[in-house]
Structures are given as C-alpha cells and as structure tokens.
Amino acid sequence: MRCDFCREKAIYKKDNVGYCKEHFIEYFEKKVFSTIKKYKLIERGDRVGVAVSGGKDSTVCFLILNKLSEILEFEVVGILIDEGIRGYREHTVKFLKKISKREDLELRIYSFKEEFGYTLDEMVEISKERASWMRPCTICGVLRRWLLNKASLEVGVDKLATAHTINDEVQTFFMDLIKNNRRDLKRLGPFTGVSRIRGFVQRIKPFYFVWEKETMTYILSLGILPPLHECPYAPLGDRWKVRLSLYELERRIPGIHEKIANFIIDFTKRFKGEKIILKRCKICGFPTNRDICKGCEIRKTLGILS
Ligand code: SF4
Ligand code: ZN
C-alpha cells in the first residue's frame, strides 16, 4: 500500500486513504488541532493540565499539546496520578519521567499512597477483607478523578485535558446506558459543560475523534516505544467487555463509532448551557450533587478516611 499524497510506503490506512509516516503525522496533528478549534477547547493564555499516566494515549496527548502550545500560545503541565498498581504503574511512571525530562515538560506527580495513605493494591485488599467487595476500577476511577481535581486546583490549571479517544468515549456512552446513568450521559462530549464552577476544573477531550490505533501509530512514528503493560485489574471491569464487544461491532458495522460520537455531541448540546446547582461535600468541600462526594464515600466504606 502506498501513501495517497506522495507514493511513499503507507503505514496507516483510513477510509481507503493511505498515509506514509510524514503524512500520517500531519493528518493526526490536524485532526487534534481542528477538534480544539471547532469546540473552542483551549483559549490563548490558558494553563492546561494534561492527565497523564505514561500510557501511549496520554503521553501522545501531552506531547502534541506541548507542540500546539507554541502555536496557540498556552501553557501545558502534566499531572500524573500514581495509583500504586504493582507490576504496571511503576513502568509507565518511569517511562513518562524519562520523556518529560527529555522534552523538558513540566510534570507534577501525585500518588494515592501520599494522599490517601494506601496504594490501590492495598485498598483492593482492604475491600476484600473489611468492606463489601468493590471492583478495583470503581475505587481507582473515583479516587483518581477526585485527586485529579485536587491536583488541578493546586497546580492552578484552567482546564484539564484527558486523552479520551473515540473508543473511550463510545465505551463510556455504553457503560452509562447500561447503568442508566443519565447524569453522566449528559456530561459526555468533547468538553464538560461546566467551566466556571468554584472548586471544579473543566475537562476537555482533544482526542475526541482520535482512534486508539492512531495514538499508537503516532507514538511509533515519533520513534518512541511506549510501555506495553496492561493494568492487571482491567479484565475485571465491565468496560473491558464493552471494549471487546465494540471492536467486534466496528468490524461488522464500520463507522459506528463516528456515528455514535456525533450523536453524543448532538444529544449533549442541549444540556451544555444547563445551570448546575451543586452542593459542597460535607467532608472534603469539593462540588458534588450529594451530601458526601463519591471519593469520600468510597474511603468511608473502606474505613480509610482520616
Ligand atoms: Fe484503574 Fe481499572 Fe484503569 Fe486499572 S484498568 S488503571 S484499576 S481504572
Ligand atoms: Zn468529599
């Protein structure tokens, strides 16, 4: 297969168009750039936090936003949450530290151990022994969101970019449908509707139309080999099953992800301007729609709230 633009050897094909390395990089960066522009995700002068894990998606997000920051004139800082997952997270943390040093990127690291007193591995053990069984991904997802918000406020960012790809977004859509989670369904799309709630940092998704396989192709095109470890807890979550089913669905009905991603944008449009009245968590003071936020509730259930 040849590149449709220069006849060099193609490394990627999409919608019957072949891309060589150079033209793939251009295609990928243009796609991210146009999502940022179209949905006004970043404004000149913003200080943008990037939620990084050291996996391929978030590393690419960090690198590409850093590149675009010079053109669009904004600042970038990586925020890494180390949950403490043995055999997995230490590899990605090491990798990201190396990349950040090499590229001279600002990186702030927060950890579950330092913040909550326990690693995720330890919390999973506690959950088995003391409390009713909670899935590792539930504990991890809720506490990581809580700590990311805290870190974003401390680091002083205006927006927090996550590396959610089109694959992640469509998976989340199905997860919310399955759980009848209407509140979270309304919050999907390239950005969260709330931009100026005190104590809450707006989330943006510059990779909303990017495929997982494209982040891999991009990072390899830059000559970087990312860590290939998978989180040992991933197969225990429902998301894993949804993910595998969606790969199969896309194979049988090509284009289904893009159709759903566009549907989400249309569907959530009407809710973006909605006035949200939030309370303050009675324990940590963060904005929440409940008396006690989910992060504090999980720690309470585990008996690790100090
Ligand atoms: Fe956390 Fe689950 Fe993701 Fe592992 S797969 S990092 S436990 S959310
Ligand atoms: Zn709380």
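**Close-up 1. Polar contact between E169 and G189 in the predicted model.** A polar side-chain atom of E169 lies 2.7 Å from the backbone nitrogen of G189; a polar contact is a pair of N or O atoms within 3.5 Å, where within protein one must be able to donate a hydrogen and the other to accept it, and residues adjacent in sequence count only if both atoms are side-chain atoms. E169 belongs to helix 7 (residues 166–178), helices being DSSP runs of H or I with at least four residues, numbered from the N terminus. E169 counts as buried because its relative accessibility is 1% (buried: under 20% relative accessible area, 1.4 Å probe, protein chains only). Beyond its neighbours within four places in sequence, E169 is in contact with L188, G189, K205, Y208 and I264 (heavy atoms within 4.5 Å).

**Close-up 2. Site of the zinc ion (ligand 2).** The SG atoms of C281, C284, C293 and C296 are the protein donors, lying 2.2 to 2.3 Å from the zinc ion (donors: N, O and S atoms within 2.8 Å of the metal, or 3.2 Å for Na, K and Ca; water is not among the atoms, so sites may look incomplete). The site is tetrahedral, with angles of 104 to 113 degrees among the four donor atoms (all angles between 85 and 135 degrees). Along the chain, the donors follow the spacing C-x2-C-x8-C-x2-C. C293 is buried at 5% relative accessible area, and C296 is buried at 0%.

**Notes.** Residues are numbered from 1 along each chain as its sequence is written, and chains are lettered from A and ligands numbered from 1 in the order in which they are written. In this predicted model, local features need pLDDT of at least 70, side-chain atom pairs count only at pLDDT 80 or more, and totals for chains, interfaces and linings use all residues, while side-chain values use heavy atoms, with hydrogens and water left out.

Notes: Helices (H or I, at least four residues) and strands (E, at least two) are DSSP runs, numbered from the N terminus. Buried means under 20% relative accessible area, exposed over 50%, partly exposed in between (1.4 Å probe, protein chains only). Four donors count as tetrahedral if all angles lie between 85 and 135 degrees; four count as square planar and six as octahedral if opposite donors are over 155 degrees apart and all others between 65 and 115; anything else is irregular.
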